[in-house]
Amino acid sequence: MIVVLDANALLVSIPKKSVYRPILDALIDGKYNLVVSNNILSEYTEIIERKANSIVANNIAEMLLNLDNLNKVEVYFEWKLIPSDPDDNKYVDAAIVGSADYIVTNDQHFKVLQSIGFPKVKTVTINEFLNILNGR
């Protein structure tokens with residue numbers, strides 16, 4: 001399974017006591033492949049730094065970069081499928097380049113993707129992805 005996690009999906013999976021921690025644990029255990037671009041990795045680092053500190057942010061980024069199941073992609077074409085929040089397009093573009101099965105997000109701006117026939121990009125909520133990982 002190939003996945004793009006939006007920054008909030010990653011963020012809520014980091015705390016050890018989070019109900020979403022199995023998402024990060026499954027990634028570390030190699031149960032799915034994570035697609036990231038430089039822009040996504042930068043956003044991860046920026047948001048984690050804001051919520052914790054630069055040491056935690058850099059440690060998480062370094063851990064991700066050292067995973068065998070991390071697919072780092074170069075985005076050469078911008079599809080611009082989310083006009084209401086252009087910053088979210090970095091996830092869509094990476095998902096297309098990386099042939100992701102899902103973008104995991106609770107962000108409502110991604111709902112527009114349901115009405116787009118091509119390129120087809122499927123989204124699931126964080127809870128739905130947790131259920132997929134748990135085999136439900």
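Is Arg21 buried or exposed? In this predicted model, Arg21 is buried, at a relative accessible area of 13%. The close-ups below start with its salt bridge and move on from there.

**View 1. Arg21 pairs with Asp25 in helix 2.** The two side chains form a salt bridge, with 2.9 Å between the closest N and O atoms. Both residues sit in helix 2 (residues 21-28), four residues apart, or about one turn of the helix. While Arg21 is buried, Asp25 counts as partly exposed, with 31% relative accessibility.

**View 2. Glu46 meets Arg50 in helix 3.** Here's another salt bridge, its closest N and O atoms 3.0 Å apart. Arg50 is exposed, at 59% relative accessible area, and Glu46 is partly exposed, at 47%.

**View 3. Lys90 and Asp87 form a salt bridge.** The N to O distance is 2.6 Å. Across the whole structure, the search turns up four salt bridges.

**View 4. Strand 1 pairs with strand 2 and strand 4.** Strand 1 (residues 2-5) runs parallel to strand 2 (residues 33-36), and two bridges join them. Look for Ile2, whose bridge partner in strand 2 is Asn33. With strand 4 (residues 102-104), strand 1 makes three bridges, also in the parallel sense. There, Val4 has Ile103 as its bridge partner.

Technical notes
Residues numbered from 1 in each chain as written. Predicted model: local features only at pLDDT ≥ 70, side-chain atom pairs only at ≥ 80, totals over all residues. Heavy atoms only, no water. Pairing = 2+ DSSP bridges. Buried < 20%, exposed > 50% of the residue type's maximum accessible area, 1.4 Å probe, protein only.
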